[in-house]
Amino acid sequence: MLVLLAPPVCARINVEAAGAVRQGEVLRIAAHEAAGDLEATLAGKTIRLFPGGDGEAVGLMPVNALQEPGTFPLIVKSTGGEELFRRDVNIEDAGFEKQDIKTSRNMRGLSAKPEEVKLMQKFNSTVSDRRFWVEPFARPTPDCMNSPFGVQRLHDGKPSGNYHRGLDLRSPAGRPIRATAAGKVMIARRMAMPGNIVGIDHGQGLLTAYLHMSRIAVKEGAMVKRGQIIGYVGSTGFATGPHLHWSMVANGVAVTPLQWAPEIKACAARAAGTKP
Ligand SMILES: [Zn+2]
């Protein structure tokens, strides 16, 4: 749903963006008749806009899953600070569920290493100029979803202070995992919590990661095509059984992959044990 926002409080340029977005989603912004570099701000988050086709500038405004719902101004400025557009956008409650995970002794013994935390922070904040992704995104595996994005996590009944930053596909061990869009492999290694993980930079602030693989099929630094096999489903790291955890980051914020692959369906009956 893309509507032209009118009448803007302040508009020296035309900006297209939906009037509402839910927690954990991306608000697409397209600015027309814009000269020079632009940035957009919503609810304290500022992003760069990149040249699209036909002289427009486009950007992916992420809304944090933990962002309080409400009405916030979407402001587009020149990088020099001149306000060119302003209009209210409603951030809506996504109604995320709570979910309890029964952890195993192996899982409880896992903790992220400082260098791994640093590497993930660096990856998650990557915003590179060149865009490799095109829509629609491919599905990483053809399977149903048994745990959605945004679920508040409890471990053995206790709040973990965390939420599910991706979605889980109920994929059997050994099934090939495919890159959902073209991009550059930034991470392809074994880490404590994610297990075998591949992280791809698709450009202009869009990243995807694939966790708990049994085996990795690409190398760091490699370019991959949409649909290319990047690894195989497993249960390495913080996982209760084989599944694929697929996560997406837009301009530094974890967002729901479902917005990019809406054809993914929830599994008919959720498995008794949930999987991180
Ligand atoms: Zn997961």
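Student: Which residues of helix α2 are buried?

Tutor: In this predicted model, Glu116, Met120 and Phe123 of α2 (residues 114-124) are buried, meaning under 20% relative accessible area with a 1.4 Å probe and protein chains only, whereas exposed means over 50% and partly exposed in between. Helices (H or I, at least four residues) and strands (E, at least two) are DSSP runs, numbered from the N terminus. Local features need pLDDT of at least 70, side-chain atom pairs count only at pLDDT 80 or more, and totals for chains, interfaces and linings use all residues. Residues are numbered from 1 along each chain as its sequence is written, and side-chain values use heavy atoms, with hydrogens and water left out.

Student: Which residues are exposed on the other side of α2?

Tutor: Pro114, Glu115, Lys118, Gln121 and Lys122 are exposed there.

Student: And what covers the buried residues of α2?

Tutor: The cover includes β17 (183-191), β18 (195-203) and β19 (206-213), where contact means heavy atoms within 4.5 Å.

Student: Changing topic, which residues coordinate the zinc ion?

Tutor: His164 (NE2), Asp168 (OD) and His245 (ND1) do, at 2.0 to 2.2 Å. Donors are N, O and S atoms within 2.8 Å of the metal (3.2 Å for Na, K and Ca); water is not among the atoms, so sites may look incomplete.

Student: How are the donor residues spaced in sequence?

Tutor: The spacing is H-x3-D-x76-H.

Student: Is His164 buried or exposed?

Tutor: His164 counts as buried, at 2% relative accessibility. Asp168 is also buried, with a relative accessible area of 0%.
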